[in-house]
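Open the model in your viewer and keep the selection tool at hand. The stops below are taken one at a time.

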Amino acid sequence: MNRKAKKLILLGWDAADWKIIHPLLDSGQMPALKRLIENGVMGNIATLDPPLSPMLWTSIATGKTADKHGILGFAEPDPNTGKVRPVSVTSRNVKAIWNILAQNNIKSHVVGWWPSHPAEPIDGVYVSNQFAKPRASVNEPWPLTENCIHPKSLEDTLAQLRVHPGELSFAHLIPFVPEAIKIDQEKDKSLASIAALLANGSSLHAAATWILQNQEWEFLALYLNEIDLFSHTFMRFHPPKMEDANAEQYELYKNVINSAYRFHDMMLERLMELAGPDATFVLVSDHGFHSDHLRPRALPDDPAAPALEHAPYGIFCVSGPAIKKDERVFGATLLNITPTILHLFGLPVGRDMDGQAHAEILEEIRPVEFIDSWESIAGSDGQHAGELREDPWAAQEALKQLVDLGYIEALDENDTEAGERVRRESRFYLARVFLSTRRVEQAVPILEELYAAAPDTFRYGLRLAFAYQQLNRTADTRRIVDALRKLDRQARNMPQLDFLEGSILFSENKPRRALEFLRKAENSVAHLPGLHMLIGQVYIATRNWHDAERAYIRALAIDSENARAHHGLALAALRQDKFEIAIDEALNAVGLLFQFPGAHYHLGEALYKTGDYERAAHAFSVCVAQMPGARRAHTWLADLYKNKLNQPEKAAYHQTFVAQNIRGTIYIVSGLPRSGTSMMMQMLRAGGLEIMTDNLRVKDENNPHGYLEDDRVKRIHQDNSWVKNASGKALKVVAPLLQFLPQTFRYKIMYMQRDLNEVISSQQKMIGQQKAVTQKVFPVTMADAMHKQSEKAIAWIKAQPHVEVMYVNYTDVIASPLEQAENIALFINDELDPVKMVEAVQENLYRNRNQQTN
Amino acid sequence: MSDPSNNKAENLPPKTYEVPLEGSLGLLALGAEGLLQWRKKRAEWLSQNPPKPLPDEPKS
């Protein structure tokens with residue numbers, strides 16, 4: 001075992017946020033944490049969705065997502081009574097870090113983890129999260145909650161370390177509320193609330209310090225919930241003053257949050273003192289907490305509404321003898337904590353864990369070792385015995401069955417109703433876990449079940465609509481959005497629906513219409529997460545760089561550490577020739593999220609523009625290392641090495657790599673003959689897309705700007721081997737021949753649609769049947785055959801998994817060429833220039849318009 | 001494998017702390033030791049200053 005941590009404390013500060021901490025560090029008010037940071041690495045840690053503490057802290061302690069660990073919310077049914085109870089550790093399906101360490105003979109202790117009740121029988125001391133809940137006034141007996149301490153022999157000793165809120169004096173409260181004496185405690189219970197939080201945290205801290213002083217130890221997990229609870233109650237009084245905060249209360253309580261952090265720093269100092277200089281500390285929070293203009297003014301009437309106050313990034317700091325000093329760590333998620341601790345103790349990481357070890361934080365980096373799973377490794381792991389560990393939901397079903405069979409008395413109706421509500425919420429959280437881990441298909445049936453059972457529950461429908469949208473089920477998305485808008489006036493005007501509608505339209509390559517809804521959402525609620533990001537994407541897609549820049553600046557005002565917003569800003573600046581800004585912002589993006597090939601790519605492009613060719617080559621190299629199929633980055637590298645850095649062998653390598661390994665998308669323009677395919681080819685060429693043509697068919701009066709065809713297409717049913725040369729280019733293939741395209745490529749098809757009368761009229765004119773045209777003889781048989789041809793081609797397109805299609809209406813292109821050009825550019829996604837595309841659309845080509853339709 | 005018996009902090013040199021009768025955040029932050037010292041001080045004070053019984057209510 002190559003162990004890098006002699007002893008380690010995993011310290012959880014629920015909801016701790018760097019935005020609060022940094023000013024306190026700078027002003028010397030958190031000296032212990034400052035020492036910890038200076039002696040280690042620190043960074044942001046990304047939370048998980050849904051951001052509900054029992055789920056998150058169990059993910060931290062297991063390295064697994066909630067669908068695996070089984071903790072799905074704050075409450076669960078009691079398997080024995082069917083009543084609702086706080087979520088318990090017996091519902092956890094997998095081993096926690098302390099179980100794994102215990103079975104590897106690493107002396108481990110646990111204090112206050114959420115959930116951790118009833119106490120697990122590990123070979124150490126285990127104090128559950130029910131330890132310090134006062135159930136009576138200070139002068140009355142205060143028995144311990146049953147099974148909150150293991151081993152039982154320590155119950156009396158540890159019970160004495162509980163602090164009752166009633167014990168605390170003004171001396172404890174004055175640092176939080178200097179003017180506490182002014183408060184009428186009959187009317188305002190805030191002081192009692194502060195005392196309760198202080199007492200609970202102090203109790204758990206006292207138990208932890210007692211363990212450090214009196215027990216052999218190598219690992220201690222201590223969880224403190226108080227920063228989160230202080231924040232939910234008092235963040236609205238934290239400076240700067242919120243507009244609607246009561247001025248008197250603001251003056252009274254404006255110090256509470258900072259005082260809570262300072263108190264945690266004092267407790268940390270004591271832990272550091274007791275643990276000694278050779279201890280490693282892992283300090284983590286499960287999410288942040290909005291402390292600025294992002295604080296919500298009001299919360300909806302949802303069970304998990306307080307989670308809306310949570311910010312997406314928490315704190316992460318690892319400090320100790322073997323850890324790098326005073327450096328930043330990037331890309332941390334809650335799922336990485338357990339793998340990292342295993343690695344520090346020289347133990348392999350489970351392949352069934354969803355996180356990764358931060359091996360890079362060690363002074364001496366060594367490879368991470370793996371094991372298939374710790375779940376199947378036998379040993380004294382201190383988990384509850386099998387009969388105690390059970391699925392409360394299955395137990396509830398079993399209980400209901402016994403009621404139905406008449407073996408036990410019917411549950412109280414209120415209990416049943418409460419149990420059903422909790423069950424639904426738990427299923428909802430499970431669906432959100434699937435959504436957030438890109439398992440949308442697994443989320444959909446759950447959300448459909450919930451939405452069918454409670455169609456008036458807005459959040460169920462909203463998530464279902466988002467899920468459908470991610471699966472490109474546009475009709476279903478629209479159906480749900482329309483239904484949600486009919487719920488009531490409040491729901492109808494929900495900016496989330498405008499956001500969703502805009503998102504749908506954007507995914508349908510309709511950026512202008514998308515913007516109408518997104519701007520509406522922006523006017524209603526400027527702080528909706530992701531809104532400005534989407535607006536920025538729409539502007540980028542329409543090459544409106546200036547407005548894109550503004551959108552990303554707004555996104556960064558909401559979250560200054562959003563790597564994708566920095567990247568968007570870099571791209572917008574790059575396209576406006578603001579190269580220094582582009583470089584700074586791209587560096588910010590990769591600083592926050594190193595695994596970000598797009599940001600490395602644009603960094604390379606910006607560096608190239610400033611003549612910094614060496615660094616540009618490095619940035620492009622990182623891009624291709626992270627995304628080997630990045631054709632354009634290889635092309636840049638080939639150019640750089642050949643023309644700027646005089647390294648022809650490297651240039652040749654990248655050229656060969658592209659030729660041999662990268663199959664780009666082939667852009668197909670299709671439709672019936674005379675449906676506008678040539679015009680589309682001309683648009684694409686004008687926009688900057690390379691065209692596959694042999695130029696054999698020359699322009700004529702029917703197509704004065706040329707056909708842009710390749711003669712080999714006519715024989716594609718006999719030989720399609722040459723199609724591979726169309727990679728990254730546009731190729732015209734009429735509808736009946738689509739089916740002969742080789743299956744081994746990805747295609748994006750722009751399928752032209754035009755009124756069949758116009759198509760036939762144009763065809764007749766082209767082949768010289770002018771008489772038929774002028775006499776308006778309509779060839780019914782021909783029309784029927786062409787209609788069937790088109791239907792057959794569309795059916796083929798729908799059946800191909802490697803084909804994306806965009807249907808382009810010829811009339812729309814003539815009527816609103818810029819909008820359509822933007823839509824097409826967005827579909828192509830290759831930075832086509834819509835303005836130049838428009839130049840290829842000439843109204844005078846629209847000479848075959850059906851007179852009847854005008 | 002390290003020897004966990006070396007990790008106990010019980011042999012840290014004792015420190016002297018100011019223990020105000022009304023308690024302090026500093027004492028709470030010291031954990032078990034601070035808490036127990038504060039309670040001891042409080043108990044000692046109470047033993048020296050037992051609460052006086054309330055005077056009987058005047059008879060009407």
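How many bridges join strand E17 of chain A to strand E19 of chain A? Select residues 666-671 for E17 and 747-753 for E19 in chain A: the two strands run parallel and are joined by 6 bridges. This is a predicted model. For one of these contacts, pick Ile668(A), whose bridge partner in E19(A) is Ile749(A).

Now widen the selection to the sheet. In chain A, 4 strands form an open sheet with parallel pairing, in the order E18-E17-E19-E20. E18 (730-732) and E20 (803-809) of chain A are the edge strands; each has a single partner strand, so one side of each lacks a neighbour in the sheet. From one strand to the next, the twist averages 25 degrees.

Next, turn to the aromatic rings. Over all chains, the whole structure holds 20 aromatic pairs. Select Phe230(A) and Phe234(A): their ring centres are 6.4 Å apart and their planes stand at 40 degrees, so the pair is tilted. Both residues lie in helix H9 (residues 226-234) of chain A, 4 residues apart, which is about one turn of the helix.

Then select Tyr601(A) and Phe620(A). Their ring centres lie 5.5 Å apart with planes at 65 degrees, so this pair is edge-to-face. Tyr601(A) is in helix H25 (residues 597-609) of chain A and Phe620(A) in helix H26 (residues 613-626) of chain A, so the pair ties together parts 19 residues apart in sequence.

Last, select Arg162(A) and Trp142(A). The charged end of Arg162(A) sits over the ring of Trp142(A), 4.0 Å from its centre.

Note on methods: Residues are numbered from 1 along each chain as its sequence is written. Chains are lettered from A and ligands numbered from 1 in the order in which they are written. This is a predicted model: local features need pLDDT of at least 70, side-chain atom pairs count only at pLDDT 80 or more; totals for chains, interfaces and linings use all residues. Side-chain values use heavy atoms; hydrogens and water are left out. Two strands pair if DSSP finds at least two bridges between them. Axes are lines fitted to C-alpha atoms, for helices over the stretch in contact, and angles run from 0 to 180 degrees between N-to-C directions. Rings of Phe, Tyr and Trp (its six-membered ring) pair if their centres lie within 6.5 Å; planes under 30 degrees apart count as stacked, over 60 as edge-to-face and the rest as tilted. A charge sits over a ring if NZ of Lys or CZ of Arg is within 6 Å of the ring centre and within 35 degrees of the ring normal.
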